Amino acid sequence: MLPISARVLAHPGYAPELLARAAVDTLGPAAAAWARRTRAAYPSASPDGLARLATRHFARSACFGGAASIAAGGLLAPLAELAVISRAQAGLVLHLAAVYGQEPTDPDRAVDLLVLTRVHPDDESARTALAAAGQVGPEGEQPAYRMAEAAWRLAAPMAAR
């Protein structure tokens, strides 16, 4: 299978779906392990308490990452900031899923990511888009149009906030 960067470059119109699936595959196991370790360290902690701990961690990491991307400056600063914030959002969603008893490596978490970040309005459209993204072949699509669409689909939900 192609690395995620190659798949996104070949099919940028499916960037949010491909990145959500990759986040579940790469960040999900770490979220599950964190939840197990944290529950073992704090056996009397409630899920809400663990959720606050995870939220603080990811809010802090997004702030530091965002500040670093701004300090770096240049044309890539907005892209770097988008990447940092997207990773923090994905990590938070998967950690919260683990805290509240959901399996963070379950493919349904990619649906949750797409809906919670407002890339898709509901579960059904997110599932449909994920299924379509899973059907794409290794060949690329019309790069200029698809890259513009990918940028819009990734940035529009954040810009709306």
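**Figure 1. Overview of the protein.** The protein holds 7 helices and 0 strands, where helices (H or I, at least four residues) and strands (E, at least two) are DSSP runs numbered from the N terminus. This is a predicted model, in which local features need pLDDT of at least 70, side-chain atom pairs count only at pLDDT 80 or more, and totals for chains, interfaces and linings use all residues. Residues are numbered from 1 along each chain as its sequence is written, and side-chain values use heavy atoms, with hydrogens and water left out. Along the sequence the pattern reads α-α-α-α-α-α-α. Of the 161 residues, 35% are buried; buried means under 20% relative accessible area, exposed over 50%, and partly exposed in between (1.4 Å probe, protein chains only). The accessible surface comes to about 9300 Å², and carbon and sulfur atoms contribute 64% of that surface. These areas come from the Shrake-Rupley method with a 1.4 Å probe; for residues, only the protein chains shown count as cover. Among contacts with a separation of 6 or more, 70% are between residues 24 or more positions apart, a contact being heavy atoms within 4.5 Å.

Figure 2. Helix α2 covers residues 15-41, 27 residues in total. From first C-alpha to last, α2 reaches 37 Å, close to the 39 Å expected at 1.5 Å a residue. The expected span is 1.5 Å times one less than the number of residues in the helix. At L27, shortly before the proline P29, α2 has a kink of about 45°. The bend at a residue is the angle between axes fitted to the seven residues ending there and the seven starting there.

**Figure 3. The crossing of α2 and α6.** Two packed helices are described by the angle between their axes and the distance between the axes. Helix α6 (residues 123-135) packs with α2 at an angle of about 90°, and the two axes are 9 Å apart. This angle makes α2 roughly perpendicular to α6. Axes are lines fitted to C-alpha atoms, for helices over the stretch in contact, and angles run from 0 to 180 degrees between N-to-C directions. Angles under 35 degrees count as roughly parallel, over 145 as roughly antiparallel, 65 to 115 as roughly perpendicular and the rest as oblique. On the α2 side, E17, L18 and R21 take part; they meet A129, L130, A133 and G134 of α6.

Figure 4. In α5 the residues R109, A110, V111, L113 and L114 are buried. The buried residues of α5 pack against α2, α4 (77-99) and α6. L114, a residue of α5, has a relative accessibility of 1% and counts as buried. Leaving out residues up to four places away in sequence, L114 touches P16, E17, A20, V119, H120, A126 and L130. L19 is 95 residues from L114 in sequence, yet their C-alpha atoms are 9.7 Å apart in space.

**Figure 5. The loop from α5 to α6.** R118 sits in the loop between α5 (108-116) and α6. Just after α5, R118 takes a positive phi of about 65°, in a residue other than glycine. With a relative accessible area of 56%, R118 is exposed. S125 belongs to helix α6 and is partly exposed, its relative accessible area being 23%. S125 and V115 are 10 residues apart in sequence, with a C-alpha to C-alpha distance of 8.9 Å.

Figure 6. H95 is found in helix α4 and is buried, with a relative accessible area of 10%. Not counting residues up to four places away in sequence, H95 touches A30, A31, W34, A54 and F58. A30 lies in α2 and, at 43% relative accessibility, is partly exposed. The C-alpha atoms of A30 and H95 are 8.4 Å apart, for a sequence separation of 65 residues. For H95 and A32, 63 residues apart along the chain, the C-alpha separation is 7.1 Å.
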